[in-house]
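Subject: Structure handover

Hello,

Please find the structure we discussed below. My notes come after it.

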Amino acid sequence: MTTNSHLLALQHVSQVYTSGAKRFTAIQDVNLTLSEGEFAILLGPSGCGKSTLLRIIAGLQRPTEGQVLYRGLPLRGVNPRSTIVFQTFALFPWLTVLENVEVALKARGIPPKPRTARAFDLLDRVGLDGFETAYPRELSGGMRQKVGFARAMAVEPELLCLDEPFSALDVLSAEALRGELLELWSGGNIPTRAILMVTHNIEEAVFMADRIVVMDKDPGRVVTELRVGLPHPRQRKAPEFREMVDRVYATLAGQTQPEHVELGTAPGEPGRTRALPHIAINDLAGFLEHLAERPTHRADIYRLAEELHVDSDHLLRLTEAAELLGFATIARGDITMTPLGETFAEASILARKEIFASRIRQLPIFKWLLAMLQAAHRHQLEWDVVQTALELEFPPEEAQRQLETAINWGRYTELLAYDDSGQVFYLEPGGVSSPGSAIRQNGR
Amino acid sequence: MKQSSRLFKIEQPAHRPINWGDIVVLVGVAVFVYAGVRLALDAPVVIKGPTISLSPGALPWYASLSIGRMVAAYALAMLFTLVYGSLAANNRRAEKILIPLLDVLQGIPIFSFLPVVLLGFSAILPGKMAAELASIVLIFTSQVWNLTFAWYQSLTTIPGELREASAVFRFNTWLRFKTLELPFAAISLIWNSMMSWAGGWFFLMAAETFTVGHRDFRLPGLGAYLQEAANQGNLQAIAWGIGALVLVIIILDQLVWRPLLAWADRFKIEMAGGENPPASWLYDALRSSRLIDWLIQATWHPARERLDAWLLRRFSLTGETARAKTIRPWPLYLVGTVGGLGLLYGAFRAGQMLLAVPLIQWGAIGIGVMATLLRVLAALVIALVWTVPLGVVIGSNPRLAAWLQPVVQITASVPATALFPIVLLVMLALPGGLNLSAVLLMLMGTQWYLLFNVIAGATAIPRDLKYTAALLQLSRWQRWRTLILPALFPYIITGAITASGGAWNASIVAEHTEFGGRTMATIGIGASIAQATARGDYPLLLAATLSMIITVVAINRLVWRRLYRLAEEKYRME
């Protein structure tokens, strides 16, 4: 196949942010094609740049390097033949359902009469007849997203981009809407030639896509592409389906490496600094307890998602944390508890703190932070100082999140403390936490 | 109740110490005042004021004159807001200059410009027109900053996905403005317009009654009517005047602002339905009227459709992208260089003029600033002492609030400057009369901001915390110290920032006054400015005006902003 037969082709697309002298790669050298008739999904954990990539494809953002070819021609500005359905619907709250659809037609200069007729017809097709004069705030999440779909269909896009369209919905309406989207798509009633959807939900991807483009973070990149050959409608309980889900989990959960590789290096040193996964300690403890209840102390990760009712993104962060702290190992989509993990799960509240403390002392980022505090005057450091140092490794926002997680873990283990009003870190003198210190709430 | 908290909140940008931008702006202000003072050298020595008729029959005419000035200034302010705010929000380079500029400008006591602007205008324009224009310019400056901030802030806080949606669906500038930007900002703009009008009345009444020495800058209007009535001690006319003023304000509220608010309720961004939407009998009546509905269908809709179609063609997307590419930065640099050189020259001349001010006068200015500062503090303390307990009582008692709120709102809506001549009539007989009435004027002009904010704060205290305080059996004092005062702190600070700004402004009219043919003055920076105007001592006028501006800006930066930051970070209820 030549490039020209593709609807869309990405060639060496990279997105780089500069912050001071430092450059951070959000998306690294992505090559991707999309053919007519294809339903492709960009799948990956949060922070892998998949939404950014979608915006580059729609022409909302220009890539730092590389180019986007649409029907063989380089894309300049917003692609008039594509449109986006947004995660938060992006409906204008002050316009009625009908007006929200109409405004997309108005922007294309379509006169009032045909415009209104078209909008009525589209709302009819997504099953919203009777709701034309309602305001979005009067509708449920699922119905709002239907308006989003109707508005997107109004401009008859060749390429329909969907940015996590179901993740803000409750489970039932999400499931209903997925089915309806597939029906619209496979029914051929719409002029759309290809669909590109972004999601972090592994099951959703396997349920809907012809092809899954798996992305990973640090830096955001495409790790593999999987073709899903299962016929529609797909059965979630079918062994082929589960096998596919298992494969994607195995790809994203990775393989536990030798400890020095797993832990990475300290900030400022050569080599990659391993980012702390953002998880609450209670979640991790609950996760380990659940694993410990299983007779073999091991599990298929994809099954855990069903059992624990957490989405795949959250689950992968938990497995990553368990792996990083040495509580579990991961291989081929299975997670197995280590003896340390078993001890932790059975330990008392205080003993858990001890174990956790001894583990995070091993993490280079904590070692580095504690050493800096040791060396500092009165064992204190200001937030800004630490953040600046950390920004050598992470973009500013990520550096802030890393520090928030470090404070959270540090306070739990009583290794370090943080004074919110003075914005200083300090070493816990006697290992007794100060009862009055308020918990910094993630920037809210 | 929530409305009042929005009404009196001035947006405070992120904390930053005084920097280069501020200094440039202050130099700019100095050059501006200097230019005014230079012009003032040619101002006529004697300016005759209008003759004010005290007949009640003249009131409708006076009222419409006053309203006309307000409307003119407000229209200017809206125009400025849309242009300036959009420029700041859409152009990174412009934003870096425009926003710090706005930040300093909104903290400047606008009244301190009154004499300079009046004198400057009267030098280049015939008497009547000079005073008219000067009053409009001043009301404009009192109305514009919070509007511009509101617009800029709305533009920069539009949710990213809505912006992206308007780009993906290829909205042009007009459609984006009409469908996204204006609706998103509507509620904030309306509340800020109400606030601007309240402030505008305060300034208009002062501008209509301003007289120094042989120069009578009064304008025919409600303010001048009230002053004349007080001057002559005509109690009946005073009653007519106040009645007319209150009526005008109530009519505007009922016929303009309430319906606007009720209409704008649709622009709420929250996706969940709110409780207690603003109500307006007029809006309800208009909406249920068939005739109005028919008129809208028959005229407004087709007209809107044609306007949209025309503007969509006029500002086509392709044309815009083409134009965006042709903008080059060099005209900006040219304007910047010329402006910078002009600024330097102006600063040099202003500096020369300031050097001509003898040391002893600088001493007097220093004493004046201190005296006014003490008055402002006194007014603030008095206001706090009565508004905090009363506000808490009203705020924690919904039935009382429902009954008292309208009364308080109407009382508060009467501009204090309009009542000042009447205050003088009563107070001048007392020892230290002018001093007392100066504090009283500041108090009258500012206490409402505090009261409304305290009420809002008291209403916002979560019920669970109140129950907890009761369960812990905290004593009354402990309850105030651990719950009520910390919960009120952010509201009190926000109210006090507005209040202190108002008090400084009031000092110009409060400390030096001409009443019943006599001139009275007390010690204060406001008095210094007015006396310098009266005597034609222009270097002193420049020095005093600049001193006041710098003092107020410094207090804002060093005291209020820190307190505001503390309130935001530590005492915020979530």
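The notes cover a sheet with its neighbouring helix, and then a pair of helices.

Please keep in mind that this is a predicted model.

Sheet and helix

Chain A has an open sheet of three strands, in the order β14-β16-β15 and with antiparallel pairing. Its edge strands are β14 (380–382) and β15 (416–419) of chain A, and each of them pairs on one side only. On average, neighbouring strands in this sheet are turned by 25° against each other, direction ignored.

Three bridges join β14(A) to β16 (residues 424–427) of chain A in the antiparallel sense. Leu381(A) has Phe425(A) in β16(A) as its bridge partner. Helix α15 (residues 383–390) of chain A lies across β14 and β16 of chain A, and the helix runs at about 70° to β14(A).

Helix pair

Helices α2 (residues 97–106) and α3 (residues 112–125) of chain A pack with their axes 9 Å apart, at an angle of about 125°. At that angle, α2(A) is therefore oblique to α3(A). The crossing in which α2(A) passes α3(A) is right-handed.

On the α2(A) side, the residues that meet α3(A) are Val97(A), Leu98(A), Val101(A), Glu102(A), Leu105(A) and Lys106(A). Their counterparts in α3(A) are Arg115(A), Thr116(A), Arg118(A), Ala119(A), Leu122(A) and Leu123(A). Sorted by class, the contact of α2(A) with α3(A) has seven nonpolar, four charged and one polar residues.

Regards

Conventions:
Residues numbered from 1 in each chain as written. Chains lettered and ligands numbered in written order. Predicted model: local features only at pLDDT ≥ 70, side-chain atom pairs only at ≥ 80, totals over all residues. Pairing = 2+ DSSP bridges. Helix = DSSP H or I, 4+ residues; strand = E, 2+ residues; numbered from the N terminus. Axes fitted to C-alpha atoms, helices over the stretch in contact; angles between N-to-C directions. Contact = placed C-beta atoms within 7 Å. Parallel < 35°, antiparallel > 145°, perpendicular 65-115°, else oblique. Left-handed = near helix turned anticlockwise from the far one by under 90°. Nonpolar A, V, L, I, M, F, W, Y, C, P; charged D, E, K, R; others polar.
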